Amino acid sequence: WSSDVCSSDLLEVLGIVIDQMVKDYCKELGCYPIGPYDRESWLTKNAKGDYSMVHNHGIADISGVYYYDTSGSDGEFFFQSPTPSAVVTFCLQWMHGNLGYKPENGMFMLFPSFINHGVTRNIEDRDRISLAFNIKFHRGKK
C-alpha cells in the first residue's frame, strides 16, 4: 500500500483510535479476534466545488473516514445501494437509492470497502478536512 499518514508522530494517536474502532467493528460483525492487517490512510481537503465521485475501495476489507473539520453543510457522505433493482419490489424498495450522512466534527464512519460511496459537492466557502483510511487483513492468518 502507498502510505499511512496515521503512522506519523503527529497523527499516531488517531491511528491508535482507528485500530480500536476496527477491533470494535469486527466484534460487532462477529469476526473477532482479528489477525494482522495493514492500514492505509490519507488526508483530504474538499474546497468549494469539490466532490467525490461514486467509487469503492474493493481491494481493502474495511474503509472509513474521520471528519476533522466540517460545517456539516460542506458535502454529504452517501452510500449507493448495492441492490438498485430493489426499487421494483414492494417490500424492499427502501433499499433503492442513496443513503446519506451529514458529517460532524469528530465523527468516524467505518464500512465494508466494496460498497459504492461518494460525497456530494461542497457549496460552502470553507474547506472540509477529513482523514480516510483502508484496512486490509492478511489472508490466512489470525
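Visitor: What is the volume of the largest pocket?

Guide: The largest pocket has a volume of about 250 Å³, where grid points are joined across faces, edges and corners and the volume is the space filled by probe spheres set on the points. The structure is a predicted model, in which local features need pLDDT of at least 70 and side-chain atom pairs count only at pLDDT 80 or more, while totals for chains, interfaces and linings use all residues. Residues are numbered from 1 along each chain as its sequence is written, and side-chain values use heavy atoms, with hydrogens and water left out.

Visitor: Which residues are closest to the centre of the largest pocket?

Guide: Of its 19 lining residues, the closest to the centre are Ser 52, Val 65, Phe 77, Val 119 and Ala 132. Strand E8 (128–137) is among the elements that give two or more residues to this lining, and E8 gives the most, with 5 residues.

Visitor: What are the classes of the lining residues?

Guide: The lining has 8 nonpolar, 10 polar and 1 charged residues. Ala, Val, Leu, Ile, Met, Phe, Trp, Tyr, Cys and Pro count as nonpolar; Asp, Glu, Lys and Arg as charged; the others, Gly among them, as polar.

Visitor: How many helices and strands does the protein chain have, and what makes a run of residues one or the other?

Guide: There are 1 helix and 8 strands. Both are DSSP runs numbered from the N terminus: a helix (H or I) has at least four residues and a strand (E) at least two.

Visitor: Why is Cys 6 called buried?

Guide: Buried means under 20% relative accessible area, exposed over 50%, and partly exposed in between, with a 1.4 Å probe and protein chains only. Cys 6 has 1% relative accessibility and therefore counts as buried. Cys 31, at 35%, therefore counts as partly exposed, and so does Leu 11, at 23%.

Visitor: How do you know that E8 is mostly covered?

Guide: In E8, 8 of the 10 residues are buried. Across the protein chain, buried residues make up 36% of the 142 residues.

Visitor: What makes E1 and E8 a pair?

Guide: Two strands pair if DSSP finds at least two bridges between them. E1 and E8 have 10 bridges, in the antiparallel sense, so they meet this condition. Ser 41 stands opposite Phe 133 in E8. E3 and E8 also pair in the antiparallel sense, over 7 bridges, and Tyr 66 has Leu 131 in E8 as its bridge partner.

Visitor: Which residues does Leu 11 contact, leaving aside its neighbours within four places in sequence?

Guide: Leu 11 is in contact (heavy atoms within 4.5 Å) with Val 5, Cys 6, Leu 43 and Leu 131. Leu 11 is found in the segment before helix H1 (12–29).

Key:
1 Å grid on protein atoms, 1.4 Å probe; cavity = no way out; pocket = protein on both sides within 12 Å on 5 of 7 lines; lining within 4 Å.
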